[in-house]
Amino acid sequence: MGGRDALDCARLSWRGASPFPSLPSRRRSVDAKTDTTGARKSPYREESEFHRAHQHQSASAVLRAVIDEAEGETISIGAIIEAFGERAFGFVLILFSLPNCVPAPPGIAGIVGTPVLIFGIQMMLGHTRPWLPGFILRRTVSLSKFKRLIDIAEPKLQKLESYCKPRLLQLFGPFGDRVAGFFAFLVAVSVLIPFPGTNFPPSIALVIASIAIMEEDGYLLIVGYLIGLAGLAYTVTVLGASYHLILAAIHNLPSWFGF
């Protein structure tokens, strides 16, 4: 190849690298880079047709659409996360917090609390999309049970969403996402503690905060944080009382046996 041919190739390469034809959004830049370099692929697509069709709808509307458009008797966790697109963190936090906001079978708190803990850590680390291992994304849930949960929660979500509008926008952004992740982490720890009443108020607060983040409503976000702090204070009080009861029992144990 001659010198002139090499110069022409260099010019073509520079033009092909020009960013002007299309600029990827801030939340997609990392995934786009991963795709073009041939590195590890995400277990779910960055944007699905479902997400493009419902990306401007409210949380309750998207949850209802997930149910209405699902095929078969089960739905995978990966399909749910994929449907939520760039708002996936807010949706999955709502999704895994709702079972603790309504009457649910014993043991459900531990099942749904662990994903919230994982998502909270990811948000604190600055992730913009939730990540779960492939074997978890392939897990399926009964569509009928999921529908019953949405049927119970949908009216409450719609009422809450009716009050939402963009306010106090300075509370949102990368730092605000990390604060929300820390809050989700604390809520998950409270949910995983096997004491009565330690899961309901924090989970309600996390649902409120997640909706506030998706709707960018700073006033509602503050309300969610305040309810969550009250619930976490109750959890700390219960743990402290239990600790002192256990210490008193150990201290009095010899006298109970006549020593």
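Me: At what angle do helix α4 and helix α5 pack, and how far apart are their axes?
Reply: This is a predicted model. In it, α4 (residues 59–69) and α5 (residues 77–84) pack at an angle of about 135°. Their axes lie 11 Å apart.

Me: Which residues make the contact of α4 with α5?
Reply: From α4 come Val62, Leu63 and Val66. From α5 come Ile80, Ala83 and Phe84. By class, that gives six nonpolar, no polar and no charged residues.

Me: What makes Gly78 count as buried?
Reply: Gly78 sits in helix α5. Its relative accessibility is 9%. Buried means under 20%, so Gly78 counts as buried. Along the chain, Gly78 and Leu132 are 54 residues apart. Their C-alpha atoms are separated by 8.6 Å.

Me: How do you know that Ile94 is buried?
Reply: Ile94 belongs to helix α6 (residues 88–97). Its relative accessible area is 0%. The cut-off for buried is under 20%, so Ile94 is buried.

Me: Which residues does Ile94 touch, not counting residues up to four places away in sequence?
Reply: Ile94 touches Ala59, Val207, Ser210, Ile211 and Met214. Ser203 is 109 residues from Ile94 along the chain. The C-alpha atoms of Ile94 and Ser203 are separated by 8.7 Å.

Me: Why is α10 called roughly antiparallel to α11?
Reply: Helix α10 (residues 174–192) and helix α11 (residues 200–215) pack at an angle of about 160°. That makes α10 roughly antiparallel to α11, because the class takes angles over 145. Their axes are 9 Å apart. The crossing of α10 past α11 is left-handed.

Me: Which residues of α10 and α11 meet?
Reply: On the α10 side they are Ala180, Phe183, Ala184, Val187, Ser190 and Val191. On the α11 side they are Pro202, Ser203, Ala205, Leu206, Ala209 and Ile213. Sorted by class, the contact has 10 nonpolar, two polar and no charged residues.

Me: At what angle do α10 and helix α12 pack?
Reply: α10 and α12 (residues 218–256) pack at an angle of about 35°. Their axes are 10 Å apart. This crossing is left-handed.

Me: What makes up the contact of α10 with α12, by class?
Reply: The α10 residues are Gly176, Val179, Ala180, Phe183, Leu186, Val187 and Ser190. The α12 residues are Gly224, Tyr225, Gly228, Leu232 and Thr235. They divide into seven nonpolar, five polar and no charged residues. Gly counts as polar here.

Me: Why is Leu168 called partly exposed?
Reply: Its relative accessible area is 26%. Buried means under 20%, and exposed means over 50%. The value for Leu168 falls in between, so Leu168 is partly exposed. Leu168 lies in the loop between α9 (143–161) and α10. Its phi is near 50°, a positive value in a residue other than glycine.

Me: What is the phi of Glu216, and where does Glu216 lie?
Reply: Glu216 has a positive phi of about 55°, although it is not a glycine. Glu216 lies in the loop between α11 and α12.

Me: Is Glu216 buried, exposed or partly exposed, and what makes it so?
Reply: The relative accessible area of Glu216 is 38%. That value is between 20% and 50%, so Glu216 is partly exposed.

Me: Which residues does UniProt list for "transmembrane region"?
Reply: The unreviewed UniProt entry lists residues 179–198 and 218–246. In the model, residues 179–198 are 70% helix and 0% strand, with end C-alpha atoms 21 Å apart. Residues 218–246 are 100% helix and 0% strand. The end C-alpha atoms of residues 218–246 are 42 Å apart.

Me: How many helices and strands does the protein chain have?
Reply: The protein chain has 12 helices and two strands. From the N terminus on, they run α-α-α-α-β-α-α-α-α-β-α-α-α-α. Of its 259 residues, 38% are buried.

Technical notes
Residues are numbered from 1 along each chain as its sequence is written. This is a predicted model: local features need pLDDT of at least 70, side-chain atom pairs count only at pLDDT 80 or more; totals for chains, interfaces and linings use all residues. Side-chain values use heavy atoms; hydrogens and water are left out. Axes are lines fitted to C-alpha atoms, for helices over the stretch in contact, and angles run from 0 to 180 degrees between N-to-C directions. Helices (H or I, at least four residues) and strands (E, at least two) are DSSP runs, numbered from the N terminus. Angles under 35 degrees count as roughly parallel, over 145 as roughly antiparallel, 65 to 115 as roughly perpendicular and the rest as oblique. A crossing is left-handed if the near helix is turned anticlockwise from the far one by less than a right angle, and right-handed if clockwise. Contact means heavy atoms within 4.5 Å. UniProt positions are given in the numbering used here, feature names are shortened, and annotations may be inferred rather than shown by experiment. Buried means under 20% relative accessible area, exposed over 50%, partly exposed in between (1.4 Å probe, protein chains only).
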